[in-house]
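Biologist: Could you take me through the side-chain contacts of this protein, one question at a time?

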Amino acid sequence: MEKAIVSGIQQIGIGVADVAIAWKWYKEFFGTDVIVFDEQAPAEYMLPYTGGEPRARHAILALNLQGGGGFEIWQHKSITPRLAEFDILPGDYGIYACKIKCKNVLKTHKLYIDKHAEVTEIFQDSLGRDYFYVRDPFKNLFQVLEVKSATSWFREENKPTGGVYGAIVGTHDMTAAIRFYSQMLGYDKIYSDKEDVFEDFSKQGTPACRFRRVLLGHEKPRMGAFSRLLGPSEIELVQALDRPTSVHRIFENRMWGELGFIQICYDIRYMESLREMGSKLNYPFTVYSLTINSDFDMGDAAGHFAYNEDPSGTLIEYVETWKIPVLKKFGVYLNLKLFNTKKPLPDWLIACLRFVKK
């Protein structure tokens with residue numbers, strides 16, 4: 001059996017109260033103008049996370065062709081999605097912030113201020129990179145990080161940012177979390193590991209509190225059809241060491257798909273190999289579409305998917321895509337089963353996705 005391939009972060013799922021408002025904002029601020037699918041249908045396969053019954057939803061998968069992962073913008077339609085019952089703070093278990101890459105933080109920061117976005121001051125991380133935070137209309141937090149590596153960018157479209165570059169994830173057990181992201185997802189390089197009082201976290205509701213922050217990346221380039229588009233990524237793990245307030249699971253007492261960051265989704269190949277590896281490492285799939293149906297079909301895209309959880313319960317999704325639109329107006333779809341699974345698709349072919357921009 002072929003070894004599983006993790007090609008990069010395909011998307012981060014974001015639960016919102018209004019898909020149309022959210023996508024318009026993400027398009028304006030993060031350049032996610034390529035719509036891979038736009039579908040309204042029941043979420044039938046996520047019963048362990050949706051109260052044991054299918055839930056009507058509207059979902060859009062949007063990408064930025066400058067490079068990076070996209071967003072799965074997700075709105076419950078059969079219930080009114082709820083916010084967390086508490087203020088989400090650094091160290092809470094789950095996805096605290098989504099990382100967005102940009103080429104020039106100073107210019108992007110000024111642009112966002114001119115557009116009246118809710119932004120912080122500019123900070124600098126342990127690697128000397130500039131970044132700031134911005135909140136969307138639903139109060140989701142994004143870290144806009146300066147990334148200059150040429151391999152992180154797919155094509156030039158004169159946008160201030162690329163797409164998703166990673167996430168800041170809270171954990172209760174740093175050792176177990178490092179093991180999970182290294183073994184399951186290939187983040188084999190620790191770029192920094194620090195315990196301190198961090199200025200940015202102090203200004204986000206945790207003054208004078210100490211945290212351990214571990215920045216994970218991968219030394220080897222990713223493989224697979226979309227590896228050039230998705231590019232490299234990083235996971236920043238955060239553990240609260242002396243927070244006086246209770247530390248919560250971000251989706252405590254709520255369902256999958258309610259307001260906030262839902263999951264980190266990876267584009268993969270050889271799902272059965274990944275399932276076997278997860279079982280051996282004690283990270284079993286909690287949802288697996290192949291045990292319910294042979295494929296998912298989102299209308300404009302198709303394949304199959306699975307979920308498991310990191311040691312603190314953060315949902316990780318794996319998608320093996322077989323069909324995407326490239327010239328939708330003319331009924332042209334890309335059948336990925338016809339290509340070498342280990343090699344990136346030709347750049348010109350990926351660039352055809354620009355024809356499904358909105």
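Biologist: Are Tyr96 and Phe201 buried or exposed?

Modeller: Before I answer, note that this is a predicted model, in which local features need pLDDT of at least 70, side-chain atom pairs count only at pLDDT 80 or more, and totals for chains, interfaces and linings use all residues. Residues are numbered from 1 along each chain as its sequence is written, and side-chain values use heavy atoms, with hydrogens and water left out. A residue is called buried under 20% relative accessible area, exposed over 50%, and partly exposed in between, with a 1.4 Å probe and protein chains only. By that scale, both Tyr96 and Phe201 are buried.

Biologist: How many aromatic pairs are there by the rule, and what kind of pair do Tyr96 and Phe201 form?

Modeller: Rings of Phe, Tyr and Trp (its six-membered ring) pair if their centres lie within 6.5 Å, and planes under 30 degrees apart count as stacked, over 60 as edge-to-face and the rest as tilted. The count by this rule is 27 aromatic pairs. For Tyr96 and Phe201 the distance is 6.2 Å centre to centre, with 80° between the planes, and the pair is edge-to-face.

Biologist: How many residues apart in sequence are the parts that Tyr96 and Phe201 tie together?

Modeller: Helices (H or I, at least four residues) and strands (E, at least two) are DSSP runs, numbered from the N terminus. Tyr96 lies in strand S5, residues 94–102, whereas Phe201 lies in helix H4, so the parts that this pair ties together are separated in sequence by 105 residues.

Biologist: Why is the pair of Trp256 and Tyr307 called edge-to-face, and how many residues apart are its partners?

Modeller: The ring centres of Trp256 and Tyr307 are 6.2 Å apart and the planes stand at 90°, so this pair is edge-to-face. Trp256 is buried, and Tyr307 is buried as well. Trp256 is found in the loop between strand S13 (234–240) and strand S14 (260–269), while Tyr307 is in strand S17 (residues 302–309), which places the two at a separation of 51 residues.

Biologist: How many salt bridges does the rule give?

Modeller: Side chains of opposite charge can pair when their charged atoms come close. The rule used here asks for a side-chain nitrogen of Lys or Arg within 4 Å of a carboxyl oxygen of Asp or Glu. Applied to this model, it gives a count of 27.

Biologist: How many residues apart are Glu118 and Arg135?

Modeller: Glu118 and Arg135 form a salt bridge whose closest N and O atoms are 4.0 Å apart. The pair links distant parts of the chain, with Glu118 in strand S6 (residues 118–119) and Arg135 in strand S8 (residues 130–135), at a separation of 17 residues.

Biologist: How many residues apart in sequence are the parts tied together by Lys203 and Glu121?

Modeller: The closest N and O atoms in the salt bridge between Lys203 and Glu121 are 2.6 Å apart. Lys203 lies in the loop between helix H4 (199–202) and strand S12 (210–217), and Glu121 in the loop between S6 and strand S7 (123–124), so the parts they tie together are separated in sequence by 82 residues.

Biologist: How many disulfides does the structure hold?

Modeller: A disulfide is counted when a pair of cysteine sulfur atoms lies within 2.5 Å. The closest cysteine sulfur to that of Cys98 belongs to Cys265 and is 13 Å away, too far for a bond. Cys102 is in no disulfide either, its nearest cysteine sulfur being that of Cys98, 13 Å away. The number of disulfides is zero.

Biologist: What is phi of Asn158 near?

Modeller: Most residues other than glycine have a negative phi, and most peptide bonds are trans. Asn158 lies in the loop between S9 and strand S10 (161–170), and it is exposed, with a relative accessible area of 71%. Its phi is positive, in a residue other than glycine, and is near 60°.
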